[in-house]
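Please consult the sequence and the structure shown below while reading.

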Amino acid sequence: MGNVVTLTRRELQATFFSPIAYVVGAGFLLLSGYFFLHDVLVPGNEASMRPLFDSMAKLLVFAIPLLTMRSLSEELSTGTLETLMTAPVTDTQVILGKFAGIMLFYLTLLATTLVQAALLLHYAEMPWQAVAMGYIGLLLLGAAFTAVGLFASTLTRYQILAALLGAGILSALTFMMDYLAELRGDAWRVITAGMNLLGHFDDFSKGILDTRAVIILISTSVFFLFLAVKALESRRWR
Amino acid sequence: MSITTQTPSKKADMNQQKNGFTTASQRRLKYGTNVLIMCLAALVVVIFLNVISFKKHYRKDLAVAGVYQPSDRTKRIVQAAKGPVTLTSVYTGRDEENSRDKYFPAVQDFLQELSLYAPAKVKVEHVSTDAAKAELLARIQGKYSGQAKEYKSLIDDFGTFSTDISAVQNAPATQPALKQSLLEISAALNAENAYLAGFPQVADLQAKLTRNLQTIADGQDEIKRLTKASGMPRYSEAKDKITQLLDQLKETVTTGQKDLQSIADLSRAGSDEFFKTAPARMQQMMDLVKAVQATVGDPQDTNLPTDPHAAMQAYAQQAQKASTWLHEEATRQEDLAKKYPAVGEMPNWLAKVRSGIVEQVVPLPVLVRSQIADEQTNLRQQVRQILQMSDVPADRIAAVIRELRNISAQQIEIAKAVSTQINNISAKLTKVDSASQAVLEQAKAGAWQAGLVTRIDDMKARITKLPEIKLSEVSDKLETPNAVIAETAEKVEVLSFDDVWPQSEPMRNMTPGQAPRRVFNGDTAITGAILSLSQPPVATVIFTHYMGEVPQQMRQFMPPQTGSIPYEQLNTLRQQLTKANFIVKEWNLAKELTSPAADKDTKAIYVFLPPPQDMPMPGPQNQPKFGDAQQAKVKEVLDKGAPAIFLCRWEPPARTAFFMQPTEPKYAYEDLLKSKYGIEVSYKFRTVFGIPEQRTPGYYGVNVQRWGYMPLNDFSDMPIGKSLQGRRVLMLDVCPVTRTAQTPDGVKIDTILTTPNRDEYWAAGDVMKLVQQVVSDREKGGLVSKQPGDKPSPFPVALAVTSDKNEPIAVVLGTGGSVLDGYLGERVPRIGGKNDRLSFDPPPTANADLVVNSVLWLSGRADLIGAGPVILPPVGRIPDAQLAFIRGLVWILMPALVLAAGAAVFAVRRR
């Protein structure tokens, strides 16, 4: 556990020292601010953070791979991963540490949007539970996206490629599933809708707690973290 | 002993051999396979976990109950649905007012929630392309293929029918061709001294038959167009057209049957005692009226009788004798008209009478009774009074004598006219020409075209048994940008955009001039469709009204007797009730004093419409009216515990003619409601909305739009009104419905709807005064003011009555004027937006839902009342300065701070 904490701290520090994180963070805030002012804080509109949550979720498909792209790709390209591997840490600890570090940065980013939630709660009488559910959903969705991004990052030493690969996988699990659901019959629709991560996040953005959505987002995170560990391990026998 | 060294590659090979590998690729294959298996196993675990979680899960709406999750009512209805229901959304709107982007997500959410709640019962589809639409239509068409066969068969048979009735030769004896009959009637009317020509109803029959035959020929073309043209066959419309044509034809033929039979009977009435004695009686009548005149003298005579008092005495005696005889004669004539109705239709039976500036056409017996007999009785009484007075001046006596002479002369003229007319009728009876005789022979015992009526009845019976088919409705609604279609194995229900997204009044005017906002009412509307498709009706709604028939000869002068909410003008409401899964029946108290029975397994709910008011009408006054017998029947029904809705409205003072004084309105159930439920209907008051005039305190401007479409939305939380709180409810001619000082024992009254607690609303007792203020008080510029006696707001306009055992008993709605066809079916004008443009909003459908909810509540099924749209609280007004600050903070400051932090970190690191 101590190793994971140390690795988390190291990853968090690296992220905060990375200019791309600030660019991504500023861009994310700029766009979410636009959606907030355009779709949410409009006098006379129904008081709901849902439009903002939905937009933020779509933004994350591209933002999170930008945050995760350097985590392992940079270590691979600079050779620092070999040094790290000589330390008494397991591959799982490395992945968990990096995952926790990026998640902490993501949480910080998410926390800044609480200003928008506070503004809406100030100007409208609305249930805070719905807002809380939205943030829980963003947390779980972010975890799943981060796991996918990390996995992509373990596959290549090139950061841009890792980002593209991550965004590609995430697009396949979100937008493409949404598109595919319209193409075929019922069984196909059930499968593709079930795999659509944004579809599951939709429940959270409405303020609905559904154990199915919780389980699929957590299981997706665990699965991709497992894949990331295995991808990292593969360096030993490739 | 020797020491050997190994190269690194050899070392690796040895390691590989030690691990059982001969090459690196073998190693990669083994590890790779191992990892692949592990990954697949992990994937299987993930899938398994998710499948389990999908099968057993927990779901809760933490936002606002009912915003996204189906309401409890919806859950009950869906669970009780017998078969699977397919819900298909067709949302393709692109305009701002019906944009798919704006309105589809909520529909999608709701349908998704519904299918998640009951996946075995609800199947959801979303259609957005033309190809998918065509597929949907084909599917629905296939669903109706069985029913369509029955429709096609009916349409074919109607074609044969129209050919048969147009045949001129070789028609079967039992079903004589209508055109053949028409030719015979025409020949009979055109013959010289035609007997039938003396009866205007025969000429009327000829004209109607000609028109019917033409209409049927035209209708046949229209039916072909409706069912043979490309696109969806419009069987339902074709069926309606056939029904309309058959109804018109049956009306003509049955009326013709009655008229011809009556004329045939009259043609054999020459031997009737009336006509046998007619010449002698007419002579006697002339003698009597002349005898009356003889007592006072001729009007040409300038000299007065030598003994005026004696003359007047003689007049009184003779007038009494004459009037008694004339009353008997009038009764004889009336009896004849009852025995032979055809005589009442003859022009000779009617005479014109001028009274001041009014000219009336009245039947002969009325003339004899009112203009001679009654007049003589009145004059006799006046003469007797004068004779009893001792100090009547001579010139007054002279004036009376002169007046009596004039009146007597007029009465002789009237008697002459009556005598001539009666003698003409008598003479005409004996002269039946052969062509007329041939027609009348067929009409004996109502046999004329009897076969045709049987055939029409058979076809109409088939039509009533036809299954409901809504192909054309589906087709029409799919032409509109947004709709939801609910299907079971046999039925289809289509919900329009306005059903699912009705306009909302409460949030209106957030931005002046803009169209009213729409609110999502899918939970109520879509589930209502599922209910009507999948469950049997729960109630039979019996509309109870009074519509008296006007005698045929008076129809051109008098409209049918009916109340201020005529049953005939409630078609839209009746359709809404049918759509909401109720059976609808009519009980016309003018025709039948026994209530129709409720259908099996349904509860009878009575809707009492205001009976007609007792108005002074021209013509005979002995027509049937809503009276004690009808009141007693209504009371009997209520005493048996039948739940009832009373529809009331503001009743304006009525005038029968412009020169007559308006009569005070009267609501026939006023006393009944007071005594039974303790409810007072203030039907003489109209709820008014005025805009306070700041410059002239106490005065209000009248908004023309709000005069006709008054928003009233202060519904209580009582089940009937709660679901309408978020809806746009517009009202017309609303009257206050209040509690009496003392509520009778055993009943409890709850408010459903009140007027807002605002100065702008009040109930005006004298609306004419308001109109006068607008029109004539030019100094005030068309402003109005409240008058003494007006009722200030708030006051209830709809009340519900329950028993002390909490059983629903009655609902009294003072908003009855707002459910008439002209109101529910017409789009609402709106002036606003750019350049104060005139535009139109959808009709106010929520008014009908108030009645639908009342019926459900009275049926004991308040649980089926829709939850109505759930309105999320809106974002309040934000002052411009604050909004600018928020924009700066969210859009500029926060991203800039993040960038600045990044720049600082970067700078520190570089140093």
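A:I208 stands opposite B:D61 in β1(B). The strands concerned, β1(A) and β1 (residues 59-61) of chain B, pair in the antiparallel sense over three bridges. Two strands pair if DSSP finds at least two bridges between them; strands (E, at least two residues) and helices (H or I, at least four residues) are DSSP runs, numbered from the N terminus. This is a predicted model, in which local features need pLDDT of at least 70 and side-chain atom pairs count only at pLDDT 80 or more, while totals for chains, interfaces and linings use all residues. Residues are numbered from 1 along each chain as its sequence is written, and chains are lettered from A and ligands numbered from 1 in the order in which they are written.

**Contact between the chains**
- In total, 49 residues of chain A are in contact with 46 residues of chain B (C-beta atoms, placed from the backbone, within 7 Å).
- On the side of chain A that touches chain B, the elements giving two or more residues are α2 (19-40), α6 (114-123), α7 (128-155), β1 (208-210) and α11 (211-237) of chain A.
- α11(A) gives the most to this side, with eleven residues.

**A sheet in chain B**
- Five strands of chain B form an open sheet in the order β21-β14-β13-β20-β22, with antiparallel pairing.
- β21 (784-785) and β22 (791-792) of chain B stand at the edges, each with a single partner strand, so one side of each has no neighbour in the sheet.
- Strands β13 (residues 686-692) and β14 (residues 699-702) of chain B pair in the antiparallel sense over three bridges.
- B:P692 stands opposite B:Y700 in β14(B).

Key: Two residues are in contact if their C-beta atoms, placed from the backbone, lie within 7 Å.
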